[in-house]
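Subject: Structure handover

Hello,

Here is the structure you asked about. Please open it beside this email and follow along.

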Amino acid sequence: MQRIRSLKTGWQLLKSSCEGAAKQVNTSASTSRDHSHPPPQGPGSFGLLFDIDGVLVRGRTLIPEAKQCFRNLVDSNGRYKVPVVFVTNAGNCLRQSKAEHLSHLLEVEVSPDQVVLSHSPLRMFTQFHKMRVLVSGQGPIVEVAHNLGFQNVVTIDMLREAYALLDVVDHARRPKDSIPSTKGLPPIDAVILFGEPIRWETNLQLIVDVLHTNGRPDNAWSTMRYPHIPVLACNMDLLWMAEAKNPRFGHGMFLVCLESLYKKATGYNLKYEALIGKPSVVTYNYAELLVSQQAERLGWTTPVKRLYAIGDNPMSDIYGANLYNHYLQASQRTKAQKKAKSGGGGVDTAAETVDDSLKMTSAELGGGSVVLGAEEDLPEGCSSILVCTGVYSRDQQEVPSEPTVTEQRVFHGHRDFRFDPSLTQPSFVVEDVKEAVELVFQQEGWPLE
């Protein structure tokens, strides 16, 4: 399995903490009877990954089929029949808050360990946790950053208050009389982009200032300072679906603006240390870890063999699930090759060719340098299921008879990801989340009721 070398320690710490939580849950669950579920009958076990916006809700409104769907997914004691993880590119809140909100809407218990927000994998990026980081976004971003492990956090508002002459697009914010003295801050070491901010012009200006000056925005711009300090971005969604009839701009659109401004001003491309959230592989690795821990808590003794990712956005949910499926296939091939070599057998050249065809860019993996290994049991595959209640709609897009449902002429993915139209093609297309879950249980030969 390909792993991000610089994140290995963080991944191990995260895994051990999850295992500790799983043991605590298992200990408490063992005091009551009939609370475990055997794995589904058939070739193996499976888990479900749910997107939220456009699948379960539209803005603040619950999609009606979602509530019935989750009633079917829990038993009479309210325990899940199979592992369920919510994987969303939202990031303007804490996992605890999102879990409480979902519990209220769906009327089933959702724990924080079942929620993957766009920024959740940043827990693994321990090499940045002691750096002074500038954070951009909205909501409780300081609390979010501290919760993820970042110890020295500077917000855009703190920056503009320290350097009153930097934010002048809004005339009302300009100094009225005398020029205020600069308070000064220690240099910024890295920039964390959590999600779309409220005042785009302020964030764009100050982030470019920080990048131009090597973290010292009171200094003069210099094109010699390249490459710039590290930038880590969460949530690449160009569009997302709320109550409006048409999709709304997402954080991916803010990133397009930032990249364009930096390129125009310097002549250089903005570089990312990491791109986190769907469709990056590191996000699905994180979600798979949570699925495996849930399977343990359910009393399953065999590894989860298949994942089903349900989403509404072809360029985020479907692309990401298919990209992760390619990653799993490449991992299986690598594992088979190592086994053949260790057993003294010949190397399958066809397998090597497939591995080459499934190679991914650093950005698609999540960022950083990668190392090849196969120390853990991974699922055999990940199937993508597209629902028609969000970004993708049958009312606006005709479904052809051939399997090219979501082939797009315009690439809505991130700049650093390849445009491979085949990755936007779902394994299945259904009307809503209830149909999606029914389809999965039918595929697995396990009764849902």
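Below are notes on a pocket, a helix and a strand.

Please keep in mind that this is a predicted model.

The pocket comes first. The largest pocket has a volume of about 600 Å³, and 35 residues line it. Those nearest its centre are Asp-53, Ala-90, Asn-92, Glu-196 and Trp-240. Helix H3 (95–106), strand E11 (239–240) and helix H9 (314–342) are the elements that give two or more residues to this lining. The largest share, four residues, comes from H3. Sorted by class, the lining holds eleven nonpolar, 14 polar and ten charged residues.

Next, helix H3. Its twelve residues, at 1.5 Å a residue, should span 16 Å, and the end C-alpha atoms are 16 Å apart, so the two values agree. The buried residues in H3 are Arg-95, Lys-98, Ala-99, Leu-102, Ser-103, Leu-105 and Leu-106. What covers these buried residues includes helices H2 (64–73) and H8 (281–297), as well as strands E3 (57–58), E4 (61–62), E5 (84–87) and E6 (115–116). Just after H3, Glu-107 has a positive phi of about 60 degrees.

Last, strand E16. How many of the six residues of E16 (residues 381–386) are buried? Five of them are, so the strand is largely enclosed by the rest of the structure. Strand E14 (residues 304–311) runs parallel to E16 and is joined to it by six bridges; Ser-383 in E16 is the bridge partner of Tyr-308. Strand E17 (residues 428–429) also runs parallel to E16, with two bridges between them. Here Ile-385 stands opposite Phe-428 in E17.

Regards

Notes
Residues numbered from 1 in each chain as written. Predicted model: local features only at pLDDT ≥ 70, side-chain atom pairs only at ≥ 80, totals over all residues. Heavy atoms only, no water. 1 Å grid on protein atoms, 1.4 Å probe; cavity = no way out; pocket = protein on both sides within 12 Å on 5 of 7 lines; lining within 4 Å. Points joined across faces, edges and corners; volume = space filled by probe spheres on them. Nonpolar A, V, L, I, M, F, W, Y, C, P; charged D, E, K, R; others polar. Expected span 1.5 Å × (residues − 1). Buried < 20%, exposed > 50% of the residue type's maximum accessible area, 1.4 Å probe, protein only. Contact = heavy atoms within 4.5 Å. Pairing = 2+ DSSP bridges.
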